[in-house]
Amino acid sequence: MATMADVARSAGVSVATVSHVLNDTRPVLPRTRQAVLDAVEELGYTPNTLARSLVTSRTRSIGLAVSAISNPYFTEILQGVEASALEHGYGLLIADPHDDPGHERKVVRLLHERRVDGVIVAPSAEPRDLVAYLTRHRVPAVFLDRVVGAPQDADAPPFDQVCAESAEPTALLAGHLAELGHRRIGLVAGRPGLSTTSERITGYRHGLAAAGLPFDERLLVHGDSEAAGGARATAELLSLAVPPTALVTANNAMTIGALRALRDRGLSVPGDLALCCFDDFAWADLFAPRLTAVAQPSRDIGARAVQLLLERLAAPDRSARTVRLHCTYVHRTSCGCPEQTVEAHERTLP
């Protein structure tokens, strides 16, 4: 097995120079760097990451804690995190907190004990213990998808955060349904306590207000961000004495649940009930009708989270930042618009 000394001899440089090239610990002339990389390739040298971590106190690994890894939205975030981490020479350890505050703290602690250089977390609705642990142990961390306060808030945790805009896109969906003549527009909202839930409720109410429609609390039911909850919430809305004629679902899992509830009652979309959803997914264009949706930049969220974490590792004392990325409105036919009038396609939201 080739050693670092073998690489140094083959490249005609010192062992220290090989170390600087492989660990990015000091600038090296491009010609010298290439000679080292060529020698590594030729000899099949594999760095001893354990030994390197003992010297540098870094493992070049990132911990990722996101719930519902089977959810296409989080799967795409995972792909964005993984691609960006690998691009920068970092490995990835993954855990699922199941949106449970106790389990969340446990899995983050386990990732920390594996000596990851930092963690990326989609926090639960009650992240107090998580924040306390990360703060006490000074773990470099980035929150994604759900935010916990904002940097200017006195009680906000000192962590970077990245997510998509939620309020304005939801207002657009509610407003579009109002433009189509609907006056009773329901919302299947997510799990209470999540920032995404409160922001999408705010957007829904703003969309109604802009259309001159009153807010009716009976038309807002929480589906707890899950398919089963979405089905239950939709059934509750349909059981009202005067049910909604249109529906906004606040994530892709609840959209599936809503469609299941409508199918079980023999109702069609958009014939019996118009539907717009927050979160697009790969097969949304294959439904009949095709789903009008807001698409989140999920891979970009994952990649940006890695970027923020690496910047934090390079400058531990810099001020925390909250980054919001733009969504895309994908106009299809589940809202009730005829196929021939649907915009040819996607529009980035401001």
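Predicted model: local features only at pLDDT ≥ 70, side-chain atom pairs only at ≥ 80, totals over all residues.

1. The open sheet. Six strands form an open sheet in the order E2-E1-E3-E4-E5-E11, and their pairing is parallel. The edges are E2 and E11, each of which pairs on one side only. On average, neighbouring strands of this sheet are turned by 20° against each other, with direction ignored. In general, the strands of a sheet pair through backbone hydrogen bonds, in either a parallel or an antiparallel manner.

2. Two pairings within the sheet. E1 and E3 run parallel and are joined by four bridges; Ile-62 stands opposite Gly-118 in E3. Strand E5, residues 160-164, is likewise parallel to E11 and joined to E11 by four bridges. Here Cys-163 stands opposite Arg-324 in E11.

3. Helix H6, its length. The helix comprises 13 residues, 101-113, and at 1.5 Å a residue it should span 18 Å. The C-alpha atoms at its ends are 18 Å apart, so expectation and model agree. Just after H6, Arg-115 adopts a positive phi of about 65°.

4. Helix H6, its buried face. Which residues of H6 are buried? They are Glu-104, Val-107, Val-108, Leu-111 and His-112. Viewed down the axis of H6, the buried residues fall within an arc of 145°, and they therefore line one face of the helix.

5. H6 lies across E1, E2 and E3 and runs at about 170° to E1. H7 lies across E3 and strand E4 (141-144), running at about 155° to E4.

6. Helices H1 and H2. The axes of H1 (residues 4-11) and H2 (residues 15-23) come within 8 Å and cross at roughly 105°. On the H1 side, Met-4, Ala-5, Val-7 and Ala-8 take part in the meeting, and on the H2 side Val-15, Val-18, Ser-19 and Leu-22.

7. Helices H2 and H3. How do the axes of H2 and H3 cross, and at roughly what angle? They come within 10 Å and cross at roughly 90°, H3 being residues 30-43. The two helices are therefore roughly perpendicular to each other. Thr-17, Val-18, Val-21 and Leu-22 in H2 meet Thr-32, Arg-33, Val-36, Leu-37 and Val-40 in H3.

8. Thr-249. This residue is found in strand E8, residues 246-249. Its relative accessibility is 0%, and Thr-249 therefore counts as buried. Leaving aside neighbours within four places in sequence, Thr-249 is in contact with Val-188, Met-254, Thr-255, Ala-258, Leu-275, Cys-276, Cys-277 and Phe-278. The C-alpha atoms of Thr-249 and Gly-190 are separated by 8.6 Å, although these residues are 59 residues apart along the chain.

Terms used:
Residues numbered from 1 in each chain as written. Heavy atoms only, no water. Expected span 1.5 Å × (residues − 1). Buried < 20%, exposed > 50% of the residue type's maximum accessible area, 1.4 Å probe, protein only. Arc of directions from axis to C-beta. Pairing = 2+ DSSP bridges. Axes fitted to C-alpha atoms, helices over the stretch in contact; angles between N-to-C directions. Contact = heavy atoms within 4.5 Å. Parallel < 35°, antiparallel > 145°, perpendicular 65-115°, else oblique.
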